[in-house]
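Please look through the sequence and the model shown below before reading on. The briefing that follows goes through the structure topic by topic.

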Amino acid sequence: MRIINRKPSRLTALALGLLPFAATVIAYSVASHYRRLDNPADKLLPSLDSMAAAFWRMATVPDRRSGDLLLWLDTFDSLWRLGTGMAVSTVLALSLGIAIGFIPHVRSALAPYLATFSLIPPITILPILFITFGLGELAKIALIVIGTAPVMIRSMAQAVLDIPREMIIKAETLGASVWQMVTRLVLPQLLPRLITALRLGLVPAWIFLISAEAIASTSGLGYRIFLVRRYLAMDVILPYVVWITLLGFLLDLLLLQASRRLFRWAHQGVDAL
Amino acid sequence: MSDTPKLSVQGLTKSYDGLPVLERVDLDVAAGSFCTIVGASGCGKSTFLRMLLSQELPSRGRILLDGRPLPDEPTPDRGIVFQKYSVFSHLTVAENLILASEFEAAPWTGRLFASARKSAFADIDGLLERIGLKAAANKYPVQLSGGMQQRLAIAQALIKKPGILLLDEPFGALDPGIRVDMHDLLLGLWQDLGMTIFMVTHDIHEAFKLGTRLLVFDKVRHDPQAPQAYGATITYDLPLDSPGAARSPEDIAGVIGAPAIDPQNQFSNSNAS
C-alpha cells in the first residue's frame with residue numbers, strides 16, 4: 001500500500017506524537033550528563049533534577065525578600081497583562097472590523113489608514129509608549145494592543161467581506177435593519193473567525209508581552225527570565241520557557257475547544273490543525 | 001387598479017463599463033403569473049433577476065411594482081431564493097424560519113425570548129410539516145441535504161408573504177429525482193399563496209413544466225467584429241397556460257443554442273408538456 005494511504009491507529013498516532021518530545025528530553029539529558037561529567041558545576045545544561053528543584057522552589061517557597069511565591073506572581077501578572085491586552089484587541093477587532101467590512105464609507109475612510117498603521121513594527125513604538133505612559137502596566141498592555149489589534153481588525157473586516165452576499169441580501173428581504181444584520185447575521189458568522197484570529201494573535205502577543213516585561217517591569221514571566229539571566233540561572237530559565245509554552249498551548253487548546261462547542265455549525269465536515 | 005400590471009419593466013438597459021448586457025427590455029406581468037426565464041449563459045437573465053430584486057440598479061429605464069418605482073434596495077415585498085447560501089448557516093432550521101418575525105418584533109435585539117420565542121416556534125410548525133423538515137427542525141443547514149436546504153430557503157423566502165418571489169436557478173445543484181419533488185412543493189405553494197414568480201433556470205423542460213409564461217433572453221443584434229457591442233433582450237415571450245399556444249421545448253432549445261435534452265437532467269424530459 002502506498003504510504004499516503006496508510007493511516008496510523010489511535011495508539012500509534014499517540015506514540016508518534018510523543019516521539020519528538022521524548023527524543024528532545026533524551027537528547028538534552030545525554031548532553032547535560034556528559035557536560036556535567038567534565039564540569040560538575042556546569043550551569044549551561046543543568047540536570048532535569050536541578051531544574052525540577054528550581055521550578056519547585058519558585059512555585060512553593062516564598063521569596064526571601066518579598067515573601068511572594070514568585071512563579072504564581074509572575075504567571076498571574078503576565079496573564080493579566082496578556083488577557084487585558086487581548087480583550088482590548090478583541091473589542092477593537094469586532095467593532096472596527098465589522099464597521100470596515102460592512103459599511104463601504106467606513107471602509108473607504110479607514111482601510112488604507114489601517115493597512116499603513118499595521119506596517120509599523122510595534123516594538124519600535126515601545127520607547128514612545130514608555131515615554132508617554134510611563135513604565136507601568138499601561139505601556140505594556142498598549143504594546144500588546146498595538147501589536148495585535150491591526151492584524152485582527154483586518155482579518156475581521158475580511159471575514160465580514162467573506163460572508164456570502166446572498167445571506168446579507170436574504171436578510172434584507174426578511175426586513176432586517178443594519179443593526180439587526182450586525183447582531184443576528186454578521187456577528188454570529190464572525191465569532192468562529194474571531195477565535196481563529198485570537199489564536200493567531202496570541203503568538204505575537206506573547207512576544208510583545210515578554211519584550212515589554214524584559215525591558216521595564218518588576219514582575220512577570222518575561223521579567224523573571226531576563227532577571228535571572230544575569231546569574232546564568234539556566235535551571236530557572238528553561239523551566240520558565242517550558243511553562244510559558246505550556247500556558248500558550250493550553251490557551252490555544254481552550255479557544256479551539258470553546259469554538260468547537262459554541263459554534264458547532266462552523267466545525268462540520270472541516271477539520272483544521 | 002386591476003389594469004395595473006403587478007410588475008412593469010420599461011425600456012430597461014443595463015451596462016457594465018459601457019458594455020450593454022441587457023438592452024431595451026419591456027415587459028408587463030400580471031399578478032399571479034409564473035414566469036420562467038431561460039437563455040444562453042451570460043445573456044443577462046440573472047442580471048435581470050438581480051434588478052427585479054434591486055440588488056443591482058438599471059442603467060436606463062425603470063421597473064414599476066404595482067405602478068410604483070421599485071425601492072433602491074432589497075425589501076420584504078420581494079422574496080429571493082439563490083442557488084446557494086440562501087439560508088443562514090449559524091441558525092438551525094427552526095431559527096432560520098422565525099428570524100423574520102424576530103426582526104419585526106424586536107428592533108434592537110432582533111431576538112425573541114422565553115414565551116414569545118416559544119410561540120414563534122409554534123407558529124412555524126405547520127410550515128415545517130409542509131416542507132418536510134419537522135424532524136430536522138433543530139439541525140444546522142450543513143447537516144441537511146441540498147434538497148432540504150432549498151426547501152428551507154423557499155419556505156424562509158415566503159415567510160414575509162412577498163408579492164413577488166424571485167428564484168435564481170434554485171434547483172440547479174439538485175439531483176433530478178429531488179427536483180421533481182421540489183417542483184411539486186413550489187407549484188403547491190404558488191397555488192396556495194398566489195404570488196408572482198420569476199424563476200431563472202438552465203433547464204428548458206423545467207421552464208415549460210412550471211411556468212405560465214416563458215421568457216427567452218437572447219441577443220437580437222450581433223456584430224461579428226465586436227461581439228460585446230450589443231446586449232440581450234427578451235426575444236420570445238410565450239404564454240404556456242393556454243393549450244396549443246406553446247411551442248415545444250426543442251424549438252426553444254434550438255433558438256438559444258442549448259441541448260434539447262439536458263444531459264444532466266434526462267428525468268425532466270418525461271415531465272415536459
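How far apart do the end C-alpha atoms of residues 79–103 of chain A lie, and what share of the span is helix? They lie 35 Å apart, and the span is 96% helix and 0% strand. This is a predicted model, in which local features need pLDDT of at least 70 and side-chain atom pairs count only at pLDDT 80 or more, while totals for chains, interfaces and linings use all residues. Residues are numbered from 1 along each chain as its sequence is written, and chains are lettered from A and ligands numbered from 1 in the order in which they are written.

**Confidence**

- The predictor gives the complex an ipTM of 0.86 and a pTM of 0.86.
- Chain A has a mean pLDDT of 93, with 98% of its residues at 70 or more, where pLDDT is the predictor's confidence in each residue, from 0 to 100.
- Within chain A, confidence is lowest in helix H5 (residues 122–133), at a mean of 90, and highest in helix H3 (residues 70–102), at 96; helices (H or I, at least four residues) and strands (E, at least two) are DSSP runs, numbered from the N terminus.
- Chain B averages a pLDDT of 85, and 89% of its residues score at least 70.
- Within chain B, confidence is lowest in helix H8 (residues 249–256), at a mean of 68, and highest in strand S8 (residues 196–200), at 95.
- Over residues 260–273 of chain B pLDDT stays under 50, and for these residues the model has 28 contacts beyond four places in sequence, two residues being in contact if their C-beta atoms, placed from the backbone, lie within 7 Å.

**Chain A and its annotations**

- For "transmembrane region", an unreviewed UniProt entry lists residues 79–103, 110–135, 194–216 and 236–256 of chain A; UniProt positions are given in the numbering used here, feature names are shortened, and annotations may be inferred rather than shown by experiment.
- In the span of residues 236–256 of chain A, the end C-alpha atoms lie 30 Å apart, and the span is 100% helix and 0% strand.
- The annotation "domain: ABC transmembrane type-1", from an unreviewed UniProt entry, covers residues 79–255 of chain A, a span that is 86% helix and 0% strand and whose end C-alpha atoms lie 15 Å apart.
- In helix H7 (residues 165–173) of chain A, the buried residues are A:Met167, A:Ile169, A:Lys170, A:Ala171, A:Glu172 and A:Thr173; a residue is buried if 20 or more other C-beta atoms lie within 10 Å of its own, exposed if 12 or fewer, and partly exposed in between, with C-beta atoms placed from the backbone.
- The cover over the buried residues of H7(A) includes helix H8 (178–215) of chain A together with S6 of chain B.

**Where the chains meet**

- On the two sides of the interface, 26 residues of chain B are in contact with 21 residues of chain A.
- Strand S6 (78–81) and helix H2 (93–105) of chain B are the elements that give two or more residues to the side of chain B that touches chain A, and H2(B) gives the most, with four residues.

**Chain B**

- Chain B has eight helices and ten strands, and buried residues make up 41% of its 273 residues.
- Chain B is divided into domain 1 (1–77 + 163–273) and domain 2 (86–161), with bounds that come from an automatic or database domain assignment.
- Between these domains of chain B, 13 residues of domain 1 are in contact with nine residues of domain 2, and helix H6 (residues 176–193) of chain B gives the most to the domain 1 side, with seven residues.
- Strand S1 (residues 7–16) of chain B runs antiparallel to strand S2 (residues 19–29) of chain B, and seven bridges join them, two strands being counted as paired if DSSP finds at least two bridges between them.
- B:Leu7 has B:Val29 in S2(B) as its bridge partner.
- S1(B) also pairs in the antiparallel sense with strand S4 (residues 60–65) of chain B, over five bridges, and B:Thr13 stands opposite B:Arg60 in S4(B).
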